[in-house]
Amino acid sequence: MPAEKENPACPFCDGKNVELYSSFGTAQLVRQYYCLNCKTVFESIRWKGSSDRPHEPTDPNG
């Protein structure tokens with residue numbers, strides 16, 4: 001996935017000055033970010049290949 005997905009723009013002010021607020025949002029497939037410009041928390045979809053993916057189950061037979 002493009003790096004843009006790792007540091008999303010704020011959907012309210014389109015600012016790029018955001019920081020990760022929580023690795024999980026209202027669903028397991030989203031992250032919460034905090035916009036330092038407009039002081040708003042928003043969610044962004046967690047993309048495959050992200051660096052802080054939750055632990056993936058291992059194959060008990062492998």
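1. What is the order of the 3 strands in the open sheet? The order is 1-2-3, and the pairing is antiparallel, where strands are DSSP runs (E, at least two residues) numbered from the N terminus and two strands pair if DSSP finds at least two bridges between them. Strand 1 (18–22) and strand 3 stand at the edges with a single partner strand each, so one side of each is left without a neighbour in the sheet. Direction ignored, neighbouring strands are turned by 40 degrees against each other on average, the axes being lines fitted to C-alpha atoms.

2. This is a predicted model, in which local features need pLDDT of at least 70 and side-chain atom pairs count only at pLDDT 80 or more, while totals for chains, interfaces and linings use all residues. Residues are numbered from 1 along each chain as its sequence is written, and side-chain values use heavy atoms, with hydrogens and water left out.

3. The mean pLDDT (the predictor's confidence in each residue, from 0 to 100) of the protein chain is 79, and 68% of its residues reach 70 or more. Over residues 53–57 the pLDDT is below 50. Where pLDDT is low, the predicted coordinates should not be read in detail.

4. Strand 2 (residues 30–35) runs antiparallel to strand 3 (residues 40–45), and 6 bridges join them. Across this pairing, Tyr 34 stands opposite Val 41, and Cys 35 stands opposite Thr 40. The hairpin has 4 residues between the strands, and Lys 39 takes a positive phi near 60 degrees there.

5. Tyr 33 and Phe 42 are both buried, that is, under 20% relative accessible area with a 1.4 Å probe, protein chains only.

Technical notes:
Contact means heavy atoms within 4.5 Å. Buried means under 20% relative accessible area, exposed over 50%, partly exposed in between (1.4 Å probe, protein chains only). Axes are lines fitted to C-alpha atoms, for helices over the stretch in contact, and angles run from 0 to 180 degrees between N-to-C directions.
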